[in-house]
Amino acid sequence: MLSTSRKSAIFFLPSIMALWLASCQVKDSSTFQKNHLFNEIHEQKTGITFKNELKETKEANIVLYPYYYNGGGVAIGDLDNDDLPDIFFTGNMVGDRLYKNLGNLSFDDVTTKCGILSSNLWTTGVTMVDINNDGWLDIYVCRSGMGSYRHNLLYVNLQNGKFQEQAKAFGLNDNGYSVQSYFFDFDLDGDLDMYLVNHSKRFFENQEALFTIDNPSDEERDKLYLNQGNGHFEDVSKAAGIDHFAFGLSAAIADFNGDGYPDIYAASDFFEPDFLYVNQQNGTFVNRLKDLMPHTSFSSMGSDAADFNNDGWVDLMVCDMQSADNYRKKALMASMDVERFRKMVDGGYHYQYMQNTLQLNRGVAFFSEIAEYSGVAETDWSWGPLFADFDNDGWKDLFVSNGIRRDIQYKDLRYDLQQKNIDPRDNPMHIVNNLPSQKMMNFLFRNSGSYLFENVTSNWGLDHEGFSTGAAYADLDGDGDLEVVLNNIDDQARIYENSAQEYAHFLQIKLRGTIDNIFGIGAKARISCGQLQQFQHIQTSRGFQSSVAPMLHFGLGSSSVVDSVVVTWPNGSIQVLTDVSADQTIEIVQQTSVANRQPNRQPHKPFFKRYTSLNWQHQENSFNDFEKEVLLPHRYSRLGPYLTVGDVNADGFDDLYIGGAQNQSGALFLQTKDGAFVQRHNPWSADAKYEDMGAAFFDFDLDGDLDLYVASGGNDQDNITMLEDRMYLNDGNGNFKRDQSVLPKRFLSSSIVRPDDIDGDGDIDLFIGGRQTPGKYPFPVSSQILINNGHTYEDITSQIAPDLIEIGMVTDAQWTDFDGDSDQDLMLVGEWMPITILENVEGKWHRQVNASLDSTHGWWYSLAQADMDSDGDLDYVMGNLGTNYKYKASLTEPFQVFAHDFDDNGSIDIVLGYFDNGELFPLRGRQCSAEQMPIIKKEFPSYTAFASASLTEIYSEIDLKNSLHHKAYTFNSIYLENVGGGDFLHHSLPAEAQFSAVNGILIKDIDHDNNLDLILGGNMYGSEVETVRNDASLGLVLLGDGNGSFTSLSPAASGFMIPKDVKSLVRVQVGDNYTVVVGCNNDSIQSFMLNSTNNKNPF
């Protein structure tokens, strides 16, 4: 073993972070892939016979105690200091078991001789912790269940192979319904405190009302215990700001904001919201969940916190119960309706969705939830997620324990009980015996880099089917890789041997605190191996009801030497080792040094800074899009605000028009010479009843000033006259007056307006994009070309561009010369549309047949053009839905929609279709589908029948053939490279650009390297309530290299951060400064000014 005397040094954190953040974090594509990384070691070899067996009786069952199937936990740690990790299993109706590691993956049951209680205690979570800081791990065991005596247990290590239960003496004999304990030093005084997760017993009360309880009882709230330093703990929860009613199932302890103090994420089941308690560094915490995470899981279960993408910031995984299987999803999972969801949000429960959440820490006190993008959103009834590098390639993989003993959400049985008004508690065994049961595989995801995970469960040999709850990992045989240990219900515990050390190098680190706690709980370690950087922190309680050994394990791939190891102790002191050989375990002893508690900061000055001169808020009206169109995928009443820029008073400064929502007037802001903006009131206040969409300034009447065209749209207009577009004429001084004689009468829900002199006569003509027909989703609508006749506009679309008639749901367009023939062609994008070009052929526009644009149908929302590669032609950047969404699309399995009056009741029905295992199914379940078509309940009288039916079995093939049918083949946002000859190459934008919908794009060389860069904004908050809203975008700056590749800037490096529902971006020149103004739906206008002194690429 090595001590810190080996090439150790003390450095200040900013220097280390500068090196850390400047390094490239790209996964080597040559990383090995192996089959059967794990092999199950059976009891004949291990000697482990523990089995968490449950007996169901009329007095003890899932009906009377809904956490009956939550199972037991696993704790791993070296209890006798022989360098071999031992294992502790908790049991519910069976006794706990302690197994001593004998080496070579053999174990001895020492439960009785060690003094561990083994009677029926209904124990749950377990943690190994050095409670008295004597260098020997002790064992803290949580208890719950149906009994009244539930005091938690603390087994203190007597250092002679025996333990003594002393929970009361330490003040930790909590009598709540405890799930798991988390030991950490929250006040950084050198000793370990404890956060205790509890759950309420009020399973049968109105859970929607429980959150409002102001003063929960001691047994139904989480608790924070302060170590007083004298061998006793005190409950300081209320004084510390932790006093919430709890259906807690786990917590994750980590320094999420990088300020040196540990924070707490508390995961809550049922309707109860999760909590993110940020440490205030004064002994108190503040819940900042809503400020930092746009949404969470609904029934949050196990959780784990770790830096999975190697950027130096701690991320978070929380499990829920959503199945990836169509049948289980529709037969066994609860549904959500609009009214219930809105009540939950308005009641302060936050946005909660029934799926796993993977919260990516963006390093700016904000998270992006990317479980759908990463491929880990749906893992069925999941308990414990664990991040660890199982294949030793330097990237943390993800294990998820999975399986519920009986499918307690079985919809048909629940519906039958409701219809018959039966209280299940009256005959619980009838319920139990009629609940289906299906053994499930756990999940193991290999970290593929670029935020992606690959399901390798079967390939890596973890294909056991059962009901696994608690899980933990450790290097049980000391060979340099991590074994997996599982606690199963009604089945023997399992150990899986790992063989990764045969293929890749490793480094393991033990810490020995001298000022802080001996095992270094809360310490952080950063290692560097060439281009690969890794970060970990020591926290033993992880996943669900389980804990791992207090040791750090780093996979190194092919690296045989670690360039540097940087350890930051809880007190802030830092130690550095260099040139550390791989394939060993080193021990680092804490040295006395000056504490350095500065937060992690990037040394680079950001490109943008906030500009606050604009003060205006978009205010949406209240409208339920789903009332008339039950299966609408997202709202069409919340598409603004749109922005447009021009110098309306000829003073040389850019002015700004902001479109209003229905019953809100648009606003004109005039820029003053000092860069301020002053609102100018004008006649559009009389037109507040319109929903403003796209707008444009241009000189319609050639009088030398800019007039204003405002398109009308939305989805909540019962009066079609409110869909009439408007023209406002300028008197030259920025005073406008509406002229209703200029425009032809047209009543379409528009999207955008694009002015240009397309006929070369010196005046401005218009393209008007048609977005949709209210109440008739997804039928295509017509777009129009309006020719300027000098005093009015004339619609001559049918004469010069008949292909625009019912062309689709257009979202954006550009006049463009794609073929370099010096005339203006037209490029369009939209929902369910392919990338579409109308080529100008002698003043008429014809839809181009282009093989390179075939099968580009998507949900496109934005379009921008520039010569990105400096080859003399125009290239394009296109914003799509993104791939961090429930809806998936590919060439072989497109996302689909059918629209038809399937039940012959005179209204259009919407059917969204998706593929599961190669077969097309309706996206939505029986309950909401029947709200649209009540006949479904008659034709499919059970949820099981509906769940078992394909789309063609539910909706007849004849009706489907006669329906409007669209397919989407891609949801990727792209750079479309013009290669000449009318051909294009498609390049997906970097991963961060796929995290959400891209609604706005600006192109600008912001780092002055003569290559064009991209500024993106997006999100889509209007998703239907069973689909997680698109909210992971914080805004994005992509630096271009001039060859079609882009590098993503972190929000901290760019300074461009807008975690809102962004609908539009415009460039405004404020003095000499390039400024981006951002239109956010139902929110305030945001603006960012480019720092003129920052002209270098930080990478």
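Predicted model: local features only at pLDDT ≥ 70, side-chain atom pairs only at ≥ 80, totals over all residues.
Close-up 1. Serine 564 has its place in strand β40, which covers residues 561-568. When the neighbours within four places in sequence are left aside, the residues in contact with serine 564 are Arg526, Ile527, Ser528, Leu577 and Thr578.

**Close-up 2. The salt bridge of glutamate 587 and arginine 512.** The side chains of these two residues, glutamate 587 and arginine 512, meet with a distance of 3.7 Å from N to O. Since glutamate 587 belongs to strand β42 (residues 584-589) and arginine 512 to strand β34 (residues 505-512), the pair ties together parts that are 75 residues apart in sequence. Arginine 512 has a relative accessibility of 29% and therefore counts as partly exposed.

**Close-up 3. The salt bridge of aspartate 692 and arginine 726.** Here the side chains of aspartate 692 and arginine 726 form a salt bridge, with 2.7 Å from N to O. Aspartate 692 lies in strand β48 (residues 692-698), while arginine 726 lies in strand β50 (residues 726-730), so this pair ties together parts that are 34 residues apart in sequence. Both aspartate 692 and arginine 726 are buried.

**Close-up 4. The salt bridge of glutamate 1024 and lysine 886.** In this view, the side chains of glutamate 1024 and lysine 886 meet in a salt bridge at 3.9 Å from N to O. The two residues link distant parts of the chain, 138 residues apart, with glutamate 1024 in the loop between β70 (1013-1018) and β71 (1036-1040), and lysine 886 in the loop between β62 (875-879) and β63 (895-900). Glutamate 1024 counts as buried because its relative accessibility is 3%, whereas lysine 886, at 23% relative accessibility, counts as partly exposed.

**Close-up 5. A network of salt bridges.** Four residues, Asp687, Glu724, Arg738 and Lys745, are linked by salt bridges into a network. As a setting for this view, a search of the whole structure finds 40 salt bridges.

**Close-up 6. Where domain 1 touches domain 2.** The domain assignment divides the protein into domain 1 (39-320 + 355-403 + 439-524), domain 2 (808-889 + 969-1065) and domain 3 (895-967). The contact shown here takes 16 residues from domain 1 and 18 residues from domain 2, and the C-alpha centres of these two domains lie 43 Å apart. Between domain 1 and domain 2 an area of about 1,500 Å² is buried, of which carbon and sulfur atoms give 63%. On the side of domain 1, the residues that lose the most area to domain 2 are Arg362, Glu372 and Tyr373, which together account for 39% of what that side buries.

**Close-up 7. Polar links and composition at the contact of domain 1 with domain 2.** One salt bridge is counted between domain 1 and domain 2, and the side chains of glutamate 372 and lysine 888 meet in a salt bridge at 3.1 Å from N to O. The count of residue pairs in polar contact between domain 1 and domain 2 is eight, with both residues at pLDDT 80 or more. On the side of domain 1 that touches domain 2, the elements that give two or more residues are β24 (367-369) and α10 (371-374). The residues of that side of domain 1 divide into nine nonpolar, four polar and three charged.

Key:
Residues numbered from 1 in each chain as written. Heavy atoms only, no water. Domains from an automatic or database assignment. Contact = heavy atoms within 4.5 Å. Buried area = accessible area lost by both parts, 1.4 Å probe. Polar contact = N/O pair within 3.5 Å; in protein donor to acceptor, adjacent residues only side chain to side chain. Helix = DSSP H or I, 4+ residues; strand = E, 2+ residues; numbered from the N terminus. Nonpolar A, V, L, I, M, F, W, Y, C, P; charged D, E, K, R; others polar. Buried < 20%, exposed > 50% of the residue type's maximum accessible area, 1.4 Å probe, protein only.
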